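Here is a friendly tour of a protein model for anyone who likes to see geometry spelled out. Please keep the viewer open while you read.

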Amino acid sequence: MKKLIGFLLLLMVLQNINAQKYGYLNKEELYMSMPDYDSATVQIEKLRKEFENQLAAMQNELSSKTTSLNNESSNISDFLRKNRQDEINNLNIRIQLFSVKATSQLENEKSQLLQPIITRVDNAIKAVANEQGFVFVIDGGQLLYTDEKKCTNILPLVKAKLGVK
């Protein structure tokens, strides 16, 4: 009798394991289908180009001043040479500071624009997973193999939840 009860319990546990649902989706594909994500990436790219252009202008100025000093170095006094060298050094420091600040500003802007989208997507994935009874959902962007019979692509469900086509 104990063996029969143990066997039935084991059978129930194994049946419960097989009844679990697994889901996957490609988050990158989901993001790319969202208009607000596209808009955010356009704004980020625009800011990156602005910073890049400003940095290029500063580097051109540095190059021009360095070339000028090198060409005129033998024809000017030590005082003027030292003064121009100081200007070049200060400009070089400004370029380095600008680069650091621009990178930081770009990361902050990226975070401000993308974080609400990421949060919305994560919440939609959790909601779909709970509604559909999935045990877990994985980002399938890197999956090498998925058995479609045992695992469900929830991308269409999450897109519907977000109102994205």
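Predicted model: local features only at pLDDT ≥ 70, side-chain atom pairs only at ≥ 80, totals over all residues.

Residues are numbered from 1 along each chain as its sequence is written, and side-chain values use heavy atoms, with hydrogens and water left out.

**Overall layout**

The protein has 5 helices and 3 strands; these are DSSP runs, numbered from the N terminus, with helices being H or I of at least four residues and strands E of at least two. Along the sequence the pattern reads α-β-α-α-α-β-β-α. Of the 165 residues, 22% are buried, where buried means under 20% relative accessible area, exposed over 50% and partly exposed in between (1.4 Å probe, protein chains only). Among contacts (heavy atoms within 4.5 Å) with a separation of 6 or more, 84% are between residues 24 or more positions apart.

**The sheet**

In which order do the 3 strands of the open sheet lie? The order is β2-β1-β3, with parallel pairing; two strands pair if DSSP finds at least two bridges between them. β2 (134–139) and β3 (152–153) are at the edges with a single partner strand each, so one side of each has no neighbour in the sheet. Strand β1, residues 21–25, is joined to β2 by 5 bridges in the parallel sense. On β3, which runs parallel to β1 and is joined to it by 2 bridges, T152 is the bridge partner of G23.

**The helices**

Helix α4 (residues 78–132) packs on this sheet and touches β1 and β2, its direction making about 145 degrees with that of β2. Axes are lines fitted to C-alpha atoms, for helices over the stretch in contact, and angles between N-to-C directions run from 0 to 180 degrees. Helix α3 (residues 35–72) has an axis that comes within 10 Å of that of α4, and the two cross at roughly 175 degrees. That makes α3 roughly antiparallel to α4, a label used for angles over 145 degrees. The contact of α3 with α4 has 18 nonpolar, 9 polar and 12 charged residues; Ala, Val, Leu, Ile, Met, Phe, Trp, Tyr, Cys and Pro count as nonpolar, Asp, Glu, Lys and Arg as charged, and the others, Gly among them, as polar.

**Aromatic pairs**

A search of the whole structure finds 3 aromatic pairs. Rings of Phe, Tyr and Trp (its six-membered ring) pair if their centres lie within 6.5 Å; planes under 30 degrees apart count as stacked, over 60 as edge-to-face and the rest as tilted. Two of these pairs are listed here.

| Pair | Centre to centre | Angle of planes | Class |
|---|---|---|---|
| Y31 and Y37 | 5.2 Å | 15 degrees | stacked |
| F51 and F98 | 6.1 Å | 90 degrees | edge-to-face |

Y31 and Y37 are both buried. F51 lies in helix α3 and F98 in helix α4, so their pair ties together parts 47 residues apart in sequence. F51 is buried at 19% relative accessible area, whereas F98 is partly exposed at 22%.

**T152**

Back in strand β3, T152 is partly exposed, with 35% relative accessibility. Not counting residues up to four places away in sequence, T152 touches Y22, G23, Y24 and F134. The C-alpha atoms of T152 and L25 are 8.4 Å apart, although 127 residues separate them along the chain.

Key. Parallel < 35°, antiparallel > 145°, perpendicular 65-115°, else oblique.
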